[in-house]
Amino acid sequence: MPKYTLSVNNKQLSVEVDADTPLLWVLRDHLNLVGTKYGCGVAQCGACTIHYNGSPVRSCQLPISAVGPGKVVTIEGLSENGDHPLQKAWIEMDVAQCGYCQAGQIMAAAALLKKNPHPSDEEIDTTITNICRCGTNVRIRKAIHLAASKGGKS
Ligand code: FES
Ligand code: FES
């Protein structure tokens with residue numbers, strides 16, 4: 001099997017996997033970064049959202065052979081101690097219900113705030129297309145506004 005070296009959460013890591021292995025499974029099964037979740041496998045739900053060169057990407061759709069030297073950041077690498085402004089806002093607003101989709105939601109929200117530090121409800125709804133089966137979307141919006149009010153992009 002081919003060997004790939006990739007940058008994940010600012011570390012250079014190597015894996016030997018088939019070329020068409022989705023990044024999602026490399027992260028979860030080979031690098032033990034299990035915060036990134038499998039939901040649908042077909043780019044619909046967003047549970048597998050990571051940052052690739054700063055943009056939100058559905059890792060179930062990105063084969064390892066296409067990753068190259070690009071920078072991958074997972075929920076584990078978003079902040080050193082789980083204290084990103086969005087993570088704090090998520091706790092303060094008690095956003096999570098079952099929690100399954102939330103890592104992907106936070107990664108999508110973090111990418112949004114980097115581009116647009118004060119998004120409107122409509123901008124949140126149109127940009128963050130992640131699905132939450134528990135229906136936490138109203139609290140997600142509130143938490144994004146809270147993080148934005150505290151300068152939430154870093
Ligand atoms: S698992 Fe990737 S979008 Fe659903
Ligand atoms: S909190 Fe349960 S799927 Fe979103």
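Student: Why does S59 count as buried?

Tutor: Its relative accessibility is 0%. Buried means under 20% relative accessible area, exposed over 50%, and partly exposed in between, with a 1.4 Å probe and protein chains only. At 0%, S59 therefore counts as buried.

Student: What are the ground rules here?

Tutor: This is a predicted model, in which local features need pLDDT of at least 70 and side-chain atom pairs count only at pLDDT 80 or more, while totals for chains, interfaces and linings use all residues. Residues are numbered from 1 along each chain as its sequence is written, chains are lettered from A and ligands numbered from 1 in the order in which they are written, and side-chain values use heavy atoms, with hydrogens and water left out.

Student: Which residues does S59 contact, leaving aside neighbours within four places in sequence?

Tutor: They are P22, L23, L24, T36, C48 and I50. Contact means heavy atoms within 4.5 Å. Of these, L23 and L24 are also among the buried residues of helix α1 (residues 23-30).

Student: Why is D18 called partly exposed?

Tutor: D18 has 43% relative accessibility, so it falls in the partly exposed class. It is found in the loop between β2 and α1. With neighbours within four places set aside, D18 is in contact with M1 and I64.

Student: How do you know that β1 and β2 pair?

Tutor: β1 (residues 3-8) and β2 (residues 11-16) share six bridges, in the antiparallel sense. Two strands pair if DSSP finds at least two bridges between them. Six bridges therefore qualify. Strands (E, at least two residues) and helices (H or I, at least four) are DSSP runs, numbered from the N terminus. Y4 stands opposite V15 in β2.

Student: What makes a set of residues a nonpolar core?

Tutor: The members are buried Ala, Val, Leu, Ile, Met, Phe, Trp, Tyr and Cys residues joined through side-chain atoms within 4.5 Å. The largest such core has 22 residues, and L86, W90, I128 and I144 have the most contacts inside it. Its largest share, eight residues, comes from α3. Another core lies apart from it, with 16 residues, among them Y4, I50, Y52 and V72.
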